[in-house]
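Keep the picture beside you and follow along as you read.

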Amino acid sequence: MNFIDKAIITAISGKGGDGVVAFRREAHVPKGGPSGGDGGRGGSIVFLATNSLSTLLDLKYHREYRARPGENGMAKKMHGANAADLIVKVPVGTCIYNNISGKLLADLTEDNQQAVIAKGGRGGRGNARYATSKNPAPTICERGEPGIELELRVELKLLADVGLVGFPSVGKSTLLSVVTKAKPEIADYHFTTIVPNLGVVQVKDGRSFVMADLPGLIEGASQGKGLGYTFLRHIERCRVIVHIIDMSGSEGRDPYEDYLTINNELKSYHYHLMERPQIIVANKMDLDNAQENLEEFQKKVGEDIKIYPLIAPIHEGIDALLYAIADTLKTAPYYSIEEDEQEDSVLYTYEEDDAKAFEIMNEGNGVFTVTGDKIERIVQMASLNTDDGFKNFAIKMRNYGVDDALRAAGAVDGNIIRILDFEFEFMN
């Protein structure tokens, strides 16, 4: 199966069902009495995290998710059926962003965790709801509230306790294959690992943790060079970083320069990676010059920094390293993606107060355009084919202050007011 860890999709929640105008047919009741029922709620787009998935492959090839609309109301005050929510299953560890604003909408880190990303539209009210003592037979109803359309960026960020970092071909995949049952591809060329690999490590004293072998890092990875973004996205959740260095310098690089370069890339990334505990591993200690390089490396980083020598293929140094990782995990804090996002990034819920105030633009020639989420939603839900319906719409416009704002903007009797595709004449 292809490993897909990022996808751009469109999510469209369902429109609410329309309310209806209907009357009972009974003697001695004015016009039979109103009996129009309410429309049903539109379906919401709900993301569900599950351990049964490990990739975003489905989202890569299915780009649009559209929930069903609610059913219209019916006579005899019958309520239209609510539409079922559309459940989108994603792997545990998935983050969902608004691709336009960049806001984090949900971070799904537990099995069966759900997040309502696009709420279904409210059903419109039938004329039975508008009956009053002054107007016992109203001809007013509402159309269903429109659904919400969002462009989403969905990213999978692996839930691993420990992340292996280092230049390509320093032995990350070899270490993972030795300490777990994972079988990553291992070869003597760069970027053998092009997707992250996970494995569960069992320490001899019974403790266990999840380790991730992440794609090789190079200079400039924090700006996207090489496989940088692929690498860095998956280390964001790791609580401990294991920095593996080819201490033999077998590819002509200086081990200390490798150490500084990798740490500089971690520092450049915005998820505070350098604040996390880091364990340094001196790998390939069986090769020429490795011991001399280790001694020189220790002098440069300081004697107070513990370095773990390792010959991974023959398991030399493995136990000491695993005990050190398990001990570090005891006190290592958990990191939330949501905490590292912008301060105004929250789990998404669409509330009426989120809608922006209206704006008025003078188009010239006596034409004014009114825009704004609340006002546009009123027009979309208004039933304007009856006198009662239009009167109710005019009252709402006045209550929201649109009339006064139009006068202040210079509107006079006879001017054309345009809201979406609806036009009407302004009257004082």
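Strand 9 (residues 162-165) pairs with strand 11 (residues 208-213) in the parallel sense, over three bridges. Look for Gly-163, which stands opposite Ala-212 in strand 11. Keep in mind that this model is predicted.

Six strands form an open sheet with mixed pairing, in the order 10-11-9-12-13-14. In general, the strands of a sheet pair through backbone hydrogen bonds, either parallel or antiparallel. Strand 10 and strand 14 each have a single partner strand, so one side of each is left without a neighbour in the sheet. On average, neighbouring strands of this sheet are turned by 25° against each other, direction ignored.

Which strands does helix 4 lie across? Helix 4 (residues 255-268) lies across strand 9, strand 12 and strand 13, and runs at about 150° to strand 12.

The axes of helix 2 and helix 6 are 12 Å apart, at an angle of about 90°. An angle of 65 to 115 degrees counts as roughly perpendicular, which means that helix 2 is roughly perpendicular to helix 6. Here is who takes part in the contact:

| Helix | Residues in the helix | Residues making the contact |
|---|---|---|
| Helix 2 | residues 172-179 | Leu-175, Val-178 and Val-179 |
| Helix 6 | residues 318-331 | Ile-318, Leu-321 and Leu-322 |

By class, this contact of helix 2 with helix 6 has six nonpolar residues, no polar residues and no charged residues.

Notes:
Residues numbered from 1 in each chain as written. Predicted model: local features only at pLDDT ≥ 70, side-chain atom pairs only at ≥ 80, totals over all residues. Heavy atoms only, no water. Axes fitted to C-alpha atoms, helices over the stretch in contact; angles between N-to-C directions. Helix = DSSP H or I, 4+ residues; strand = E, 2+ residues; numbered from the N terminus. Parallel < 35°, antiparallel > 145°, perpendicular 65-115°, else oblique. Contact = heavy atoms within 4.5 Å. Nonpolar A, V, L, I, M, F, W, Y, C, P; charged D, E, K, R; others polar. Pairing = 2+ DSSP bridges.
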